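Q: I am new to this structure and would like to learn how to read its features one at a time. Could you take me through them slowly?

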Protein chains: 2
Amino acid sequence: MKKDEDNLTFPQPSLIQDATELVASYPTVALTVDCVIFGFEDNKLKVLLIRSDLEVYKGMWSLLGDVVRDTEELDEAAYRVLTERTGMTNVYLDQVRSFSSPGRHPGGRVVTIAYCSLLNIQHHELKTTDNELHWHSLKSISEKDMAFDHKAIIDKCYKWLQKRIQEHPLGFNLLPEKFSLRELQNLYEAILNVELDRRNFRKKFFSMDFLEDTGEFEEDVKHRPGKLYQFNFEKYEKNKRKWIGIDF
Amino acid sequence: MKKDEDNLTFPQPSLIQDATELVASYPTVALTVDCVIFGFEDNKLKVLLIRSDLEVYKGMWSLLGDVVRDTEELDEAAYRVLTERTGMTNVYLDQVRSFSSPGRHPGGRVVTIAYCSLLNIQHHELKTTDNELHWHSLKSISEKDMAFDHKAIIDKCYKWLQKRIQEHPLGFNLLPEKFSLRELQNLYEAILNVELDRRNFRKKFFSMDFLEDTGEFEEDVKHRPGKLYQFNFEKYEKNKRKWIGIDF
């Protein structure tokens, strides 16, 4: 910090010879990653949490996180945390953003980088239940149940997810390969947390021309069996501009 | 049931009593922010750089960056850097992502968070030229001219920008209030680094129905004066779904 002030006084500073000395003079912080793993099951959006292991947050819930190691990239750290905590390996994580409020950790300065994923719960088995790891309905989580600023991190990642699912067809990974329009609408309603007009929703999806009629119908349902559709990812890749953004 | 019996029934791993001791045991890293400021001028996309002040990068260029202070949030640090280095204050910065490769700084472990902005160069005066601060044409910058991993950071932010400008009407902030379709197409061609079909481009923009004919024409141009248009931001806000993504 002192160095900066000096630089301001001398606008054309001589070059810094010793890079190692320079970095050694920098303030440092502990850096963590936190994974917000959203899952979809029984028409509900859920999030994966563990019990906090800090006395000060006794009984409260926490995201899956850990300190970044000296030799680790942040992405590596995030995948390591997910594997260590859940046993899951085939999950794609997106880096969302950092959370760096100086008071966010009761033990001192800790900056965290949030990662996010969305998966079909039935496709991913939790290989451990340490620290009561399990899926919580997103709607059931309140500020007071969550350790640190983890409720705020979840909220931010949820907004990010809502935007993503409107702009990209990532929702189809959460459905069976063949799905009814009712199932598709349920998915969007659960994630966007809105009620959608049935006709409008269908019209919009058909106008994009990525849904293919399989000729099959739902079985073992209480309501009138609906037609089953597939999403044509190949067609989508060739013609992404037709994805018109599911902006309801 | 009494509390003790609860504990007997559901044994919990022992909780960490001292959060401060815990954080003190964490490895720490130096954390910096780097600002990738893109500007548009003379139909060219440019980026704001300074001379590196490290001997090891003598003569090379560097992004606008600094160490994050102990009491600072990352966003704060990014805005501080921008103001200190350029004198600009009315610039919006987006956090893009972190760069954390262990070898990215010759002086030791430094993790950096990249911020990005896009502005109209003529609207923003540089209040300082310390360290040879000036705008570089993006096309003129090569890997070997850049310190650290700053070329890779610029590349990543450029991709991010290209995506943003296709998904949102942020390009209009770079044009005069009233602009010709030629100017609009030049802007998209410069940022997307492609040549666009004139008819297709116009058809796409008119189909979105956000452009308004001002009834005026270009003046003092060598070619046949084109009609001048305005972008209706109000209409856009009410009807974002009609922004169909400029995906060429």
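Q: How many residues of domain 1 of chain A are in contact with domain 2 of chain A?
A: Two residues are in contact if their C-beta atoms, placed from the backbone, lie within 7 Å. Here 10 residues of domain 1 of chain A are in contact with nine residues of domain 2 of chain A. This is a predicted model, in which local features need pLDDT of at least 70 and side-chain atom pairs count only at pLDDT 80 or more, while totals for chains, interfaces and linings use all residues. Residues are numbered from 1 along each chain as its sequence is written, and chains are lettered from A and ligands numbered from 1 in the order in which they are written.

Q: Which element supplies the largest share of the side of domain 1 of chain A that touches domain 2 of chain A?
A: Helices (H or I, at least four residues) and strands (E, at least two) are DSSP runs, numbered from the N terminus. On that side of domain 1 of chain A, the largest share, four residues, comes from H4(A).

Q: How many helices and strands does chain A have?
A: Chain A has seven helices and nine strands, and its C-alpha trace spans about 75 × 45 × 30 Å along its principal axes.
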